[in-house]
Amino acid sequence: HLQFTVMLYAAAPSLGLFYIWGKVMAAVIAVKRRATLRRMLLWRNAKTQQPVSLAGQTLYGQVRDPARVLVATIQIAALDQAANTGKAVADFGDTSEWPVGRLFFDFVREVPSDSGVVTVYSKTARIDVERGITDV
């Protein structure tokens with residue numbers, strides 16, 4: 001049973017931050033439609049708080065509406081683990097067609113082991129999508 005911590009933070013401080021502790025995630029992201037939604041992730045061991053290497057692992061996630069309709073697939077790319085242990089970038093994709101309202105997402109980490117692949121899910125978190133005021 002793997003336990004990990006993921007810290008998800010914005011590229012710019014004004015975009016906010018939230019944490020995923022082990023399998024418990026308390027988070028709400030507010031985003032305007034058409035805005036870029038990209039976040040840096042940091043996976044840590046829940047007990048030691050040391051970064052966990054993501055080398056050889058598969059990382060991804062999904063965004064769904066309350067009826068579980070798929071809205072977006074989250075592309076997660078691990079950075080060079082020798083220099084950036086535990087770090088990855090999550091790209092939520094084009095938000096221009098996302099429905100206004102509440103959406104939900106989680107992350108998946110597939111870890112190779114001697115007995116096969118161990119799949120670890122984060123707890124579900126929420127995205128509040130707002131209609132933009134300024135039209136570009």
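The structure holds 2 aromatic pairs; Phe, Tyr and Trp rings (the six-membered one for Trp) pair when their centres lie within 6.5 Å, with planes under 30 degrees apart called stacked, over 60 edge-to-face and the rest tilted. F92, F105 and F107 form one aromatic cluster. This is a predicted model: local features need pLDDT of at least 70, side-chain atom pairs count only at pLDDT 80 or more, and totals for chains, interfaces and linings use all residues. Residues are numbered from 1 along each chain as its sequence is written, and side-chain values use heavy atoms, with hydrogens and water left out.

**Aromatic cluster**

- The structure's 2 aromatic pairs include F92 with F105: the ring centres are 5.4 Å apart and the planes are at 85°, so this pair is edge-to-face.
- F92 lies in the loop between β8 (87–91) and β9 (101–113), while F105 is in strand β9, so the pair ties together parts 13 residues apart in sequence. Strands (E, at least two residues) and helices (H or I, at least four) are DSSP runs, numbered from the N terminus.
- F105 also pairs edge-to-face with F107, at 5.4 Å centre to centre and 65° between the planes.
- Both F92 and F105 are buried. Buried means under 20% relative accessible area, exposed means over 50%, and partly exposed lies in between (1.4 Å probe, protein chains only).
- F105 has 1% relative accessibility, so it counts as buried. F107 has 2%, so it counts as buried too.

**Nonpolar core**

- The largest nonpolar core has 22 residues, of which V63, I76, F92, W98, F105 and I127 touch the most other members. Such a core is a set of buried Ala, Val, Leu, Ile, Met, Phe, Trp, Tyr and Cys residues joined through side-chain atoms within 4.5 Å.
- At least two residues of this core come from each of β4, β5 (38–45), β6 (58–64), β7 (70–78), β8, β9 and β11.

**Strand pairing**

- β4 (residues 28–32) and β11 (residues 125–130) run parallel and are joined by 5 bridges. Two strands pair if DSSP finds at least two bridges between them.
- Within that pairing, I29 stands opposite I127 in β11.
- β9 and β11 run antiparallel, with 5 bridges. R102 has D128 in β11 as its bridge partner.
- β9 and β10 (residues 116–121) also run antiparallel, joined by 6 bridges. They form a hairpin with 2 residues between them.
- In β10, T119 is the bridge partner of E110.

**The loop between β8 and β9**

- S96 sits in this loop.
- Leaving aside neighbours within four places in sequence, S96 is in contact (heavy atoms within 4.5 Å) with R33 and R34.

**Positive phi and other positions**

- R34 is in the loop between β4 and β5. Its phi is positive, about 80°, although R34 is not a glycine.
- At 47% relative accessibility, R34 counts as partly exposed.
- R68 is in the loop between β6 and β7. Its phi is near 70°, again positive in a residue other than glycine.
- R68 is exposed, with a relative accessible area of 60%.
- K87 is in strand β8 and is partly exposed at 27% relative accessibility.
- K87 and L41 are 46 residues apart in sequence and 5.5 Å apart in space, C-alpha to C-alpha.
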